[in-house]
Amino acid sequence: MPRAEVGTPKYLANKMKAKGLQRLRWYCQVCSKQCRDENGFKCHAQSESHLRQMLVVGESAGKHIADFSSQFQHDFVQLLSRRFGTKRVKANSVYQEFIQDRTHLHMNATRWVTLTEFVKHLGRTGVARVDETEKGWFIAWIDNSPKALAKQEASMKKERMNVSDEQRERTLIEEQIERAAAEAVASGSKPEQSPPAEELGLKRDEATEKLVLSLTPKVPALASTSSGPSSGIKLNAFKPAANPLKHNPLKRPNVFKQAPASSSSASASTNAEKPNGKKREAPMTAAERLVFEEQERKRRRMERDSTV
């Protein structure tokens, strides 16, 4: 049956039916023809054009299969490099994008039966890095182009230039040490051994006495010497006699509040001084003198009343 002419309703109907991807098993790579069902593929295999093409391919089948395989690999790697670059991607995702083109070279015409075998072949030849996980096979394209190699060399050169001066000096010193050791071995003399590095850190001397820390308070010696055996008052060494913070040196004492205590002390001091005939060491203040005179007047008045 002849093919429908271009532009006829039969031609448009066939194009609409053939829209989208069809079954791979019904595709003839030799004739580049996609059949819609098994019956159509059977009729195509018995056609004169297909048999003539198969006779041509049969004369050098290995050459044609190798050409199809190299073309398939070229197209696949080209899509992988342009679409994904050097990123790690799932192999099945790349293949699904590859077969979206209806005119692509089918895998059944190549030497690889499955996608797994093709991915392993890419890993063996060094075209891509291949690894298998639980989710499937993953591939990453290896860019071996001269431009990429030149860029990699430039980046490595920049890294070498960015090495600090300290690292350079260290490497130079190590090289000089190795060179000196090699020269010493060649001359027959023993290379000088560097002294062992001292260990840094704290070290305890075993010969020193042990330190003992006591948390109990120590009673001062003055408290024990000042309190005699005859005194019944016990002094507390930890309790100060007066709070020095409460003492104000700028505050003047109240004269009238201290009058009774000073009068009694003055009378006691006069009574003690009279029989001994000693004078008062410190002069009396004006307030003490007034209090003393008032007491003398009271005493003389009492003596007069007693004589009467």
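**The core and a buried histidine**

Tutor: Start with the surface. The protein exposes about 26300 Å². Carbon and sulfur atoms supply 56% of that area. This is a predicted model. It has 11 helices and 5 strands. Of its 308 residues, 17% are buried. Take contacts between residues at least 6 apart in sequence: 44% of them join residues at least 24 apart.

Now the core. The largest nonpolar core holds 23 residues. Those with the most contacts inside it are Phe72, Phe76, Leu80, Tyr95, Phe118 and Ile139.

Look at Ile139 next. Setting aside neighbours within four places in sequence, Ile139 is in contact with Phe76 and Leu80, which are also on the list of core residues with the most contacts.

Finally, turn to helix α6, where His121 sits. His121 has a relative accessible area of 15%, so it counts as buried, the cut-off being under 20%. Leaving out neighbours within four places in sequence, His121 is in contact with Gln73 and Trp112. With Gln73 there is also a polar contact, side chain to side chain, at 3.3 Å.

Methods. Residues are numbered from 1 along each chain as its sequence is written. This is a predicted model: local features need pLDDT of at least 70, side-chain atom pairs count only at pLDDT 80 or more; totals for chains, interfaces and linings use all residues. Side-chain values use heavy atoms; hydrogens and water are left out. Helices (H or I, at least four residues) and strands (E, at least two) are DSSP runs, numbered from the N terminus. Buried means under 20% relative accessible area, exposed over 50%, partly exposed in between (1.4 Å probe, protein chains only). Contact means heavy atoms within 4.5 Å. Accessible areas come from the Shrake-Rupley method with a 1.4 Å probe; for residues, only the protein chains shown count as cover. A nonpolar core is a set of buried Ala, Val, Leu, Ile, Met, Phe, Trp, Tyr and Cys residues joined through side-chain atoms within 4.5 Å. A polar contact is a pair of N or O atoms within 3.5 Å; within protein, one must be able to donate a hydrogen and the other to accept it, and residues adjacent in sequence count only if both atoms are side-chain atoms.
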